[in-house]
Amino acid sequence: MNYKAPDSTDHSRRHFLAASSMGIGSLALSWMLNQDQALAKNPAIRPELLKKHFDLKLKPTHHPPRAKAMISMFMQGGPSHLDMFDPKPMLQKYDGKKFPGDIKYDNAAQASSKVLGSPWKFSKYGECGTELSELLPGLSEVVDDITLIRSMHTGVNNHGQSIYAMHSGRILPGRPTLGSWLTYGLGSESENLPAYIAMVDPGGAPVLGVDNWTNGWLPSLYQGTVIRPKEPRILNLNAPPHLSGKAQEKYLDFLGKLNQRHLNQHPGEDDLSARIASYELAAKMQTAATEALDLSKETKATQAMYGIDRSESAEFGKRCLIARRLIERGVRFVQIMTGNQHWDHHTSMRTSLPRTCKRVDVPSAGLVKDLKMRGLLDETLVHWGGEMGRLPVIQNDAGVAKQGRDHNTYGFSMWLAGGGLKGGMAYGETDDFGHHAVENKVSHSDYHQTLLYLFGLDPERLTFTRNGAEQTLIDKQPSRIVHDIIA
């Protein structure tokens, strides 16, 4: 397409943005529109949306909520529950011997039928006496504040499908994630920061990339906003000094009028409305985001609590501390992602698993401690877990140094804290070898329904009309509220 320079009377919205260099224009083009993912789309206007207006204003809940915000630390790749959370004496008894049962392998080519006993010792911690591995000294200090679920399952031995199940309720792509549903159903308590923020790992985007924080078919206003893993965490946030102040205010006022005129010409396009809201939010973020992401005013003691004074945990600790600062400032949902396959220990587990634990253990526990000290834990739901666990048998049986574990989505562990949950409890069980959840099973649908309940939302009433049908997060799957873990 050839670009035609506008003359003095050609003041279209598109030309104004193209010709501008006022900071917020570059911000919108290089960051906010990049979040949109709908730049080239021109969908047909849906009649049911013509009278609807989507925004992030606070919405009433269906019943009194226990939680108001959530921080999800998603450990992509599959943390080994057998070596961290779920001690199994039978693994030690059968270590090196043939597994006495059937195993569902994901990678049959590297599979072995030999049982792998955990190389790490388990001990009881806290007043609750929950057993944890020696790999988790940080978590052992807050074990009385967490609910450890040992009976999770999604039942699909594949990273992508299980990630979809945990994030968006089904094993197929294209559906809104949990963070999008919560911001759609509840709105935001902040007018100056995004309601839903995703913080990616410096080691790379997780498996499935942006699908981890997608709005799916919800309006794009509810998509997660990505914060970079290093400084500057948001590119092009501030205008150049000589263009800030009144000059930018006039620019934004004029841009707002052009945007509104453009929207009036295209009624019912919720993506366009959401995009305009993103421009407006970007301007407000110039001050609010800069302050929220600034850790310099946090005390040395607080930073040490998050492991920022340790080289192995400093990076993850900074993201956990930023998450707390965002929640304090009214952000609804913060997602902290580990990098692509960081927990996927098919081989060399004896060296790779301790290294990964050291990176996240102290910061994760520090987040729980800090929220509790500040009186925020009761209303903030904290989640730590991945999309699967690991199998009880050896993968890569090529010597002790090379041994690892294959995928297991039939029984694995994760922990939760705050937000109306009981502390100091372990819920559910896997079988004697940790392969299958056998007692008090918790599916991804059970997990989602329980979270919605804690946020004061009824999954049958939190709906979005798409193609004439009422869509929900649970999507008519069998599910229950896990009342036993609720305080």
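This is a predicted model: local features need pLDDT of at least 70, side-chain atom pairs count only at pLDDT 80 or more; totals for chains, interfaces and linings use all residues.
A residue counts as buried under 20% relative accessible area, as exposed over 50%, and as partly exposed in between (1.4 Å probe, protein chains only). By that scale, Cys128 is partly exposed, with a relative accessible area of 29%, whereas Cys357 is buried at 1%. A search of the whole structure turns up zero disulfides (pairs of cysteine sulfur atoms within 2.5 Å).

Residues are numbered from 1 along each chain as its sequence is written, and side-chain values use heavy atoms, with hydrogens and water left out.

**Overall picture**

The protein has 13 helices and 19 strands; these are DSSP runs numbered from the N terminus, with helices (H or I) of at least four residues and strands (E) of at least two. Of its 487 residues, 57% are buried. The accessible surface comes to about 20,600 Å², and carbon and sulfur atoms hold 51% of it; the areas come from the Shrake-Rupley method with a 1.4 Å probe, and for residues only the protein chains shown count as cover. Contact means heavy atoms within 4.5 Å. Among contacts with a separation of 6 or more, 80% are between residues 24 or more positions apart.

**Nonpolar cores**

In soluble globular proteins, nonpolar side chains tend to be buried together. A nonpolar core here is a set of buried Ala, Val, Leu, Ile, Met, Phe, Trp, Tyr and Cys residues joined through side-chain atoms within 4.5 Å. The largest core has 54 residues, and Met73 and Trp415 touch the most other members. Helix H12 (residues 349-373) gives this core its largest share, eight residues. Apart from it lies another core, of 45 residues, with Phe54, Ile163, Met337 and Leu416 among them.

Not counting residues up to four places away in sequence, Trp415 touches residues including Met73, Phe85, Leu139, Val368 and Trp384.

**Aromatic pairs**

Rings of Phe, Tyr and Trp (its six-membered ring) pair if their centres lie within 6.5 Å; planes under 30 degrees apart count as stacked, over 60 as edge-to-face and the rest as tilted. By this rule the count is 12 aromatic pairs. Two of them are set out below.

| Pair | Centre distance | Plane angle | Type |
|---|---|---|---|
| Phe99 and Phe433 | 5.0 Å | 75° | edge-to-face |
| Trp384 and Trp415 | 6.4 Å | 10° | stacked |

Phe99 lies in the loop between H4 and E2, and Phe433 in the loop between strand E15 (429-430) and strand E16 (437-439), so their pair ties together parts 334 residues apart in sequence. Phe99 and Phe433 are both buried. Trp384 belongs to strand E9 (residues 380-385) and Trp415 to strand E13 (residues 412-417), and their pair links distant parts of the chain, 31 residues apart. Trp384 and Trp415 are buried too. Ring pairs also link Phe54, Trp181, Tyr184, Trp217, Tyr222 and Phe464 into a cluster.

Asp83 lies in helix H3 (residues 81-84) and is buried, with a relative accessible area of 0%. What does its side chain join? Polar contacts link it to the side chain of Ser80 at 2.5 Å and to that of Ser118 at 2.8 Å. A polar contact is a pair of N or O atoms within 3.5 Å; within protein, one must be able to donate a hydrogen and the other to accept it, and residues adjacent in sequence count only if both atoms are side-chain atoms. Beyond four places in sequence, Asp83 is in contact with residues that include Trp120, Phe122, Met349 and Arg405.

Lys104 sits in the loop between helix H4 (89-93) and strand E2 (111-115) and is partly exposed at 46%. Leaving aside neighbours within four places, Lys104 is in contact with Asn157, Leu391, His407, Tyr410 and His435. The C-alpha atoms of Lys104 and His435 are 9.0 Å apart, although 331 residues separate them in sequence.

Pro137 is found in helix H5 (residues 137-140) and is also partly exposed, at 46% relative accessibility. Pro137 and Lys358 are 221 residues apart in sequence and 9.2 Å apart in space, C-alpha to C-alpha.

**Helix H13**

Helix H13 (residues 444-454) is mostly covered, with 10 of its 11 residues buried. Among them are His444, Asp446, His448 and Leu454. Gly456, which has a positive phi near 80°, follows H13.
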